[in-house]
2 protein chains.
Amino acid sequence: MPEAAPSDAILPKAPLTVAELSESQLLERIFPRLHYGQEHNPSLILGPGDDAAIVAVPDGRTVLSIDTQVADQDFRLEWSNGYRTTGYDVGWKAAAQNLSDINAMGARATSLVVSLTMPPDTRVAWVEDFADGLSAGIRELGAPDCAVAGGDLGRGRELAVSVAILGTLDGGSPVLRSGARAGDILALAGTVGRAAAGLALLESAVPVEALTRAQRALMDTQCRPLPPLAGGPLARDSGATAMMDISDGLVRDGHRMASASHAVLNLDASVLEQLAVPLLPAAELLGTDPMAWILGGGEDHGLLATFPPGLQLPRGFTAIGSVEAPAPTDSTGVKIAGRPADTVGWDHFAD
Amino acid sequence: MPEAAPSDAILPKAPLTVAELSESQLLERIFPRLHYGQEHNPSLILGPGDDAAIVAVPDGRTVLSIDTQVADQDFRLEWSNGYRTTGYDVGWKAAAQNLSDINAMGARATSLVVSLTMPPDTRVAWVEDFADGLSAGIRELGAPDCAVAGGDLGRGRELAVSVAILGTLDGGSPVLRSGARAGDILALAGTVGRAAAGLALLESAVPVEALTRAQRALMDTQCRPLPPLAGGPLARDSGATAMMDISDGLVRDGHRMASASHAVLNLDASVLEQLAVPLLPAAELLGTDPMAWILGGGEDHGLLATFPPGLQLPRGFTAIGSVEAPAPTDSTGVKIAGRPADTVGWDHFAD
């Protein structure tokens with residue numbers, strides 16, 4: 001008897017890709033998922049659908065930043081340990097790192113626009129998941145006034161996400177990198193080194209199934225960072241003298257603040273040891289010194305800030321050192337217990 | 001006699017690539033070239049160098065858009081006819097297409113941020129050329145108040161440029177796509193079809209050296225478009241009822257305006273014939289019907305706008321048709337001399 005031809009109902013259906021939809025059909029699937037922040041949002045005067053969006057800027061100034069993530073450069077779609085980056089992860093991370101730049105100025109995000117570049121075989125479900133992650137990141141990280149105002153969809157050989165974000169200072173002054181003064185307390189909000197530890201786990205040969213809950217949590221920080229969004233405006237209102245987010249590593253970013261402020265940042269070695277404790281479960285597994293992650297790891301998007309001496313630090317901030325004047329023959333920079341720290345951390349181009 | 005080893009002075013030096021510089025070294029080479037619009041610009045409260053820029057928004061609202069160009073998708077680095085896209089071209093085009101989105105709302109650009117993703121073998125000279133083209137585009141297209149407020153550099157397998165741009169309505173109302181009313185005059189500012197004709201020349205086998213001056217000028221419109229930037233605010237002040245820029249083609253974009261306005265746009269066939277005349281030098285060479293470029297070609301970034309009947313059109317605008325109410329059983333859309341026009345034009349995903 002000849003084999004019956006399988007019917008459409010039995011054949012597994014290939015997942016729908018973006019190449020099978022027009023731009024407007026794809027947008028119809030994305031828009032409802034980005035609704036968060038649009039309804040009843042006083043910031044959003046005109047949302048997606050025209051040549052540009054219109055956003056309210058009540059205090060006459062907008063804080064503005066742009067940031068791009070590229071697959072296989074800023075994240076991998078498939079990692080050595082078997083973890084597969086979801087669209088949700090990428091959307092969340094895009095929200096997190098851009099919200100963090102606004103936070104680092106002492107501002108509050110009001111809106112963002114997103115440009116998504118995709119290979120034609122990208123699954124529509126992945127894009128929907130991306131939109132969900134972007135919305136969830138905005139909501140759960142604590143930026144309820146940040147509307148997704150618009151965006152752009154395009155095709156490319158590699159997946160890439162650019163987000164531009166606006167924020168408001170609500171009439172206050174921005175906290176720049178350049179304001180640290182000798183005698184100031186150096187403080188940290190959020191975490192440092194966790195995303196780097198998570199990256200090391202993702203790039204290891206230890207399968208994800210073999211990881212403990214604590215080790216997986218480090219991986220989660222790499223995939224879906226948790227920048228301390230309440231911290232930026234709070235630090236500003238508390239009188240922070242300088243602030244930036246740690247995206248390229250404590251020492252590298254610290255050098256930038258030190259250089260902009262013509263100062264030396266002296267880190268407290270015993271505090272650094274304490275910060276490394278949560279990284280021990282990964283460090284022991286991989287046989288690594290966790291201090292390399294503390295000093296060189298970015299992507300937790302913690303806040304590095306300085307406060308006038310004697311000030312009670314705002315909630316969420318921990319003292320990690322002090323600001324000093326450079327010695328007459330010395331350059332600015334970062335020290336650990338008074339000894340120069342090497343510049344370690346992430347540079348996009350230098351090897 | 002043994003051959004003398006060539007000295008360093010004689011050996012041709014390999015061009016410097018971005019992989020040989022740190023991010024800050026590369027930024028040092030770019031910043032001076034982006035200076036245009038920064039000095040004495042009242043919009044720019046805080047320029048590049050901190051976590052985010054700060055831009056003045058005097059009227060309490062900002063117009064906001066983002067757009068990405070990807071190599072081998074939105075442009076080719078090397079074309080079939082031998083032309084090589086310069087960094088200057090890419091910078092200029094990034095400025096032009098983003099300025100056009102602000103123009104299309106009836107607004108004036110105040111600032112932009114740019115994210116550049118580059119393969120590591122990208123030449124530093126190319127990046128400098130890009131910065132020059134971006135600055136020149138802003139200046140020469142007529143957006144003197146648009147400051148380059150900041151940006152982001154990153155690595156990727158393919159070259160990509162994302163620009164987010166802000167604009168001001170100077171207290172006026174935006175001109176949306178949705179305002180066209182039956183009886184309105186349909187008008188065009190700038191050109192249409194030239195960039196598409198230029199693209200056809202670039203993709204042809206006719207070597208660039210064999211082209212006439214008129215044919216090369218069409219190629220230039222594809223590589224360095226000339227959106228009519230004075231037109232947007234002028235149309236707004238003159239009472240335009242609807243406006244958008246033509247980036248995906250007259251018929252496709254016209255359909256979008258018609259749909260948003262619940263109207264029919266009826267194009268005048270004899271005017272279309274006139275618009276096609278400048279394209280004849282390319283059409284004859286390639287044996288093509290130039291009307292396909294007129295109806296389907298985007299990227300000139302001309303303005304499509306509607307004005308109340310009887311109004312004298314503002315300078316730079318030409319009547320190309322009229323707005324009609326859809327017949328009771330008819331859908332909205334674009335017609336040519338009363339007959340439905342096919343939807344032709346560029347879709348990023350559909351084949």
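This is a predicted model: local features need pLDDT of at least 70, side-chain atom pairs count only at pLDDT 80 or more; totals for chains, interfaces and linings use all residues.
Domain bounds here come from an automatic or database domain assignment. For chain A, that assignment gives domain 1 (18-168) and domain 2 (177-340). Residues are numbered from 1 along each chain as its sequence is written, while chains are lettered from A and ligands numbered from 1 in the order in which they are written.

The centres of the two domains of chain A, taken over C-alpha atoms, sit 26 Å apart. Where they touch, 23 residues of domain 1 of chain A meet 28 residues of domain 2 of chain A (contact: C-beta atoms, placed from the backbone, within 7 Å). On the domain 1 side, helix H2 (residues 87-103) of chain A gives the most, with nine residues; helices (H or I, at least four residues) and strands (E, at least two) are DSSP runs, numbered from the N terminus. That side of domain 1 of chain A splits into ten nonpolar, nine polar and four charged residues (nonpolar: Ala, Val, Leu, Ile, Met, Phe, Trp, Tyr, Cys and Pro; charged: Asp, Glu, Lys and Arg; polar: the others, Gly among them).

H2(A) also packs on helix H3 (residues 124-141) of chain A: their axes come within 6 Å and cross at roughly 40°. Axes are lines fitted to C-alpha atoms, for helices over the stretch in contact, with angles from 0 to 180 degrees between N-to-C directions. The residues of this helix contact comprise 15 nonpolar, four polar and three charged.

Next comes the sheet. H2(A) lies across strands S3 (61-70), S4 and S6 (160-168) of chain A, at about 145° to S3(A). The open sheet has six strands in the order S5(A)-S4(A)-S6(A)-S3(A)-S2(B)-S1(B), with mixed pairing (strands pair if DSSP finds at least two bridges between them). Its edge strands are S5 (147-155) of chain A and S1 (44-46) of chain B. S4 (residues 108-118) of chain A runs parallel to S5(A) over eight bridges, and Ser115(A) has Asp152(A) of S5(A) as its bridge partner.

Note on methods
Two residues are in contact if their C-beta atoms, placed from the backbone, lie within 7 Å.
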